[in-house]
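Here are my notes on the model, point by point. Please read them with the structure open.

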Amino acid sequence: MADPDAGLEFKVKPGELDGCGQSAQHIGGLIPGETSKITDPCNQAAGGLKGWLTAGAIQNCGTNWKTLLDKLGTDMGDVGTKLGTSAAYYRQAEQNAHNSMRNPNAPASNGTEPDPFDTTGPVKPRSAKAAE
């Protein structure tokens, strides 16, 4: 049986995680200022319906919507923070992998010895190397 994950690729772009995280935090921070605009019209409508059963329902509806939207704002801020933390984690993991590949026992080049593999010069495009 073939491996269903064989063709999958997983790529992480920490900059995109940061951007999404910042957007989520920003939007989440805007929500509470906007939800305060829900309760006043509901309370006004309920005030005009004194004695009607719908007055309490309208007021409760506005209050419940505000509560839910405020929670959404908090959740978005939390998710934004976690996305930023994930981006930092991926950057650190990449740096750790890079650092672990260095050989601390390798002699440092003094610049006078020839480099038989041309690893210290500028990177040449493949087509330029193939032409040599």
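1. A salt bridge here is a side-chain nitrogen of Lys or Arg within 4 Å of a carboxyl oxygen of Asp or Glu. By that rule, the whole structure holds 6 salt bridges. Three of them are taken up below, after some ground rules.

2. The model is predicted: local features need pLDDT of at least 70, side-chain atom pairs count only at pLDDT 80 or more, and totals for chains, interfaces and linings use all residues. Numbering runs from 1 along each chain as its sequence is written, and side-chain values use heavy atoms, with hydrogens and water left out.

3. Start with helix α1, residues 14-47. Helices are DSSP runs of H or I, at least four residues, numbered from the N terminus. α1 has 34 residues and reaches 51 Å from its first C-alpha to its last. That is close to the 50 Å expected at 1.5 Å a residue; the expected span is 1.5 Å times one less than the number of residues.

4. Where does α1 bend? At P32, by about 30°. The bend is the angle between axes fitted to the seven residues ending at a position and the seven starting there.

5. Several residues of α1 are buried, among them P14, G21, G28, T39 and A46. Buried means under 20% relative accessible area, exposed over 50%, and partly exposed in between, with a 1.4 Å probe and protein chains only. What covers the buried residues of α1 includes α2.

6. Look closely at T35. This α1 residue is buried, at a relative accessible area of 2%. Leaving out residues up to four places away in sequence, T35 touches K66, L69 and D70. Contact means heavy atoms within 4.5 Å. A polar atom of the T35 side chain also lies 3.1 Å from the backbone oxygen of P32. A polar contact is a pair of N or O atoms within 3.5 Å; within protein, one must be able to donate a hydrogen and the other to accept it, and residues adjacent in sequence count only if both atoms are side-chain atoms. P32 is also where α1 bends.

7. Is H26 buried or exposed? H26 counts as exposed, at 52% relative accessibility. H26 too sits in α1.

8. Now the salt bridges. R91 and D18 meet through their side chains at 2.7 Å, N to O. R91 lies in helix α2 (residues 53-100) and D18 in α1, so the pair ties together parts that are 73 residues apart in sequence. R91 is partly exposed, with a relative accessible area of 40%.

9. K11 and E9 form another salt bridge, 3.5 Å from N to O. K11 is exposed at 64% relative accessibility, and E9 is exposed at 66%. K13 pairs with E16, their closest N and O atoms being 4.0 Å apart. E16 is exposed at 51%.

10. How many aromatic pairs does the structure hold? It holds 1. Y89 and Y90 form that pair, edge-to-face, 5.8 Å centre to centre with 70° between the planes. Rings of Phe, Tyr and Trp (its six-membered ring) pair if their centres lie within 6.5 Å; planes under 30 degrees apart count as stacked, over 60 as edge-to-face and the rest as tilted. Y89 is exposed at 57% relative accessibility, whereas Y90 is partly exposed at 32%.
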